[in-house]
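Here are some notes for you to read alongside the coordinates.

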Amino acid sequence: MNFIYINQNILDNLFYILVSILIYYILLDHGKRLSQYGKTLITACMSIPIILCMKFPIYIDEYCVHDLRQIPFIIGTLYGGWPVGAALLVIILTFRFAFYGFNLLTLIVYIVIFIITALLSSKFKNFNRKNKLNSSILLILFLGILTSFISLGMSDHFRITDAYVFYFIILPPFIIGLAVYIMEILKDAIIIRTQMIRLEKMEVVSQLAASISHEVRNPLTVVKGFVQLLKAPDLTQEVREQYIQHVVRELNSAESIISEYLAFAKPAIEKVENILINREIGYVIEMIKPLANMNLVTISNQLAPGITRGNIQHFKQCFLNLIKNGIEAMPNGGELNIVSYVNNFDIIIIEISDNGVGMNKEQINRFGEPYYSSKEKGTGLGSMVAVKTIQTMNGTLHLTSALNKGTTISITLPVYQEDHSGK
């Protein structure tokens, strides 16, 4: 092997590829708007390592340049289909010719790579992880050998050296296998987390449904009783109207409980709007009172007016999870106190206090971690969603707790000041 032409950029090339993959999945997971433009996103993320790999090649001589640019090119085409592959082909040829000048052999080689990879991409998406790994490794090995024979047939200067065999034939299958494996793990992690969050929400919904059905039965029983009394023939008009008022009041109570349950159960709309703290937390308290009553928990509140910004349904889900945690922390009943006020620094402070079992230091430090819960059957995702929601609203969450004495959750949120200047 001719060591004169070998430099230390092989790890750099690998670094560019792996970091770009991580950035792609971070943006796909956290950038909700960006996730709508998946093909554009993968094109942008794969084009960066293509350019950097060409700018800092692994092996170069007077006739040929070798780097790992073909790996992000193939990955982008396999996962994004021929439109992404076509865009990456234009990018790879443009920068290749800009860096090293026009070369007909390069043009033909990458068109061949694009056509073969694009033909496989439609089937590749339906493969399982094992088949994706095997097919990507075999594909790049086949393309490396095929393009080598094309180069030998078209160029008198092209030589297959030991360095060429290592960097262009042997090394790429290992790297693309690693890259595809990491992409599949990250994709599965995002899918599993999304499903677990949905399951956590459905668990809350099912518990609310059970408690609400119990709570709704009470006004319906009252309604049934008054309807039977209305059948009495000797009722005066005044008494009859009183009975009807009782019926209407109890039906309104049942309707309110059901409406709040349905509002929570439906999918959230991704929009930011003004949130009236006292009103929305009040709605959550009314919605969860049936669950509190079933657990012999009394909820008291002192909610001061205050406005912040965020997604209303996510906000309500956040506080529903936190209040539900407080109720479940008092298995033998107790009192849950909820207070909100605005301090002198235009910060809304919300405190949720219970006198339940409390938490130890480790449980406090790990509060909000996914898949960690102090409850026997808990997943910890409810707390994770709550913490993430508060952070999204530029707020903070702090816990103080003592075993067998209770827990206080302090949440701070910025006050939203509406602009009345007319500008």
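1. Let me start with a charge and a ring. The charged end of R309 sits over the ring of Y416, and the distance to the ring centre is 5.1 Å. Please keep in mind here, and in every point below, that this is a predicted model.

2. Next, the aromatic residues. The count of aromatic pairs comes to 10. One of the pairs joins F95 and F99: their ring centres are 6.0 Å apart and the planes make an angle of 55°, so the pair is tilted. A tilted pair falls between the stacked class, under 30 degrees, and the edge-to-face class, over 60. Both residues belong to helix α4, where 4 residues, or about one turn of the helix, separate F95 from F99. As for accessibility, F95 has a relative value of 30% and counts as partly exposed. F99, at 32%, is likewise partly exposed. Elsewhere, F15, Y16 and F56 come together as one aromatic cluster.

3. How do the axes of α3 and α4 cross? Helix α3 covers residues 70–80 and helix α4 covers residues 82–100; their axes come within 6 Å and cross at roughly 155°. Angles over 145 degrees count as roughly antiparallel, and α3 and α4 are therefore roughly antiparallel to each other. On the α3 side the contact is made by P72, F73, G76, T77 and G80, while α4 contributes W82, P83, V84, G85, L88, L89 and I92. By residue class, this contact of α3 with α4 has 8 nonpolar residues, 4 polar ones and no charged ones.

4. N394 has a phi near 60°, a positive value in a residue other than glycine. Its place is the loop that runs between α12 (381–392) and β8 (396–402). With a relative accessible area of 65%, N394 is exposed. Phi is also positive at N404, near 65°, and this residue too is not a glycine. N404 lies in the loop between β8 and β9 (406–414), and its relative accessibility of 67% makes it exposed.

5. Is S20 buried or exposed? S20 counts as buried, with a relative accessibility of 6%, because the limit for that class is under 20%. The residue is part of helix α1 (residues 10–30). Leaving aside residues up to four places away in sequence, S20 touches C45, M46, I48 and P49.

6. I191 sits in helix α7, which spans residues 162–229, and is partly exposed at 41% relative accessibility. Between I191 and D29 there are 162 residues in sequence, yet their C-alpha atoms are 9.6 Å apart in space.

7. Which residues does N278 touch, not counting those up to four places away in sequence? They are L303, A304, P305 and G306. For P305, the C-alpha to C-alpha distance from N278 is 5.4 Å, with the two residues 27 apart in sequence. N278 itself is found in helix α9 (residues 277–294), and a relative accessible area of 26% makes it partly exposed.

Conventions
Residues numbered from 1 in each chain as written. Predicted model: local features only at pLDDT ≥ 70, side-chain atom pairs only at ≥ 80, totals over all residues. Heavy atoms only, no water. Axes fitted to C-alpha atoms, helices over the stretch in contact; angles between N-to-C directions. Helix = DSSP H or I, 4+ residues; strand = E, 2+ residues; numbered from the N terminus. Parallel < 35°, antiparallel > 145°, perpendicular 65-115°, else oblique. Contact = heavy atoms within 4.5 Å. Nonpolar A, V, L, I, M, F, W, Y, C, P; charged D, E, K, R; others polar. Phe/Tyr/Trp six-rings, centres within 6.5 Å; stacked < 30°, edge-to-face > 60°. Buried < 20%, exposed > 50% of the residue type's maximum accessible area, 1.4 Å probe, protein only. Lys NZ or Arg CZ within 6 Å of the ring centre and 35° of its normal.
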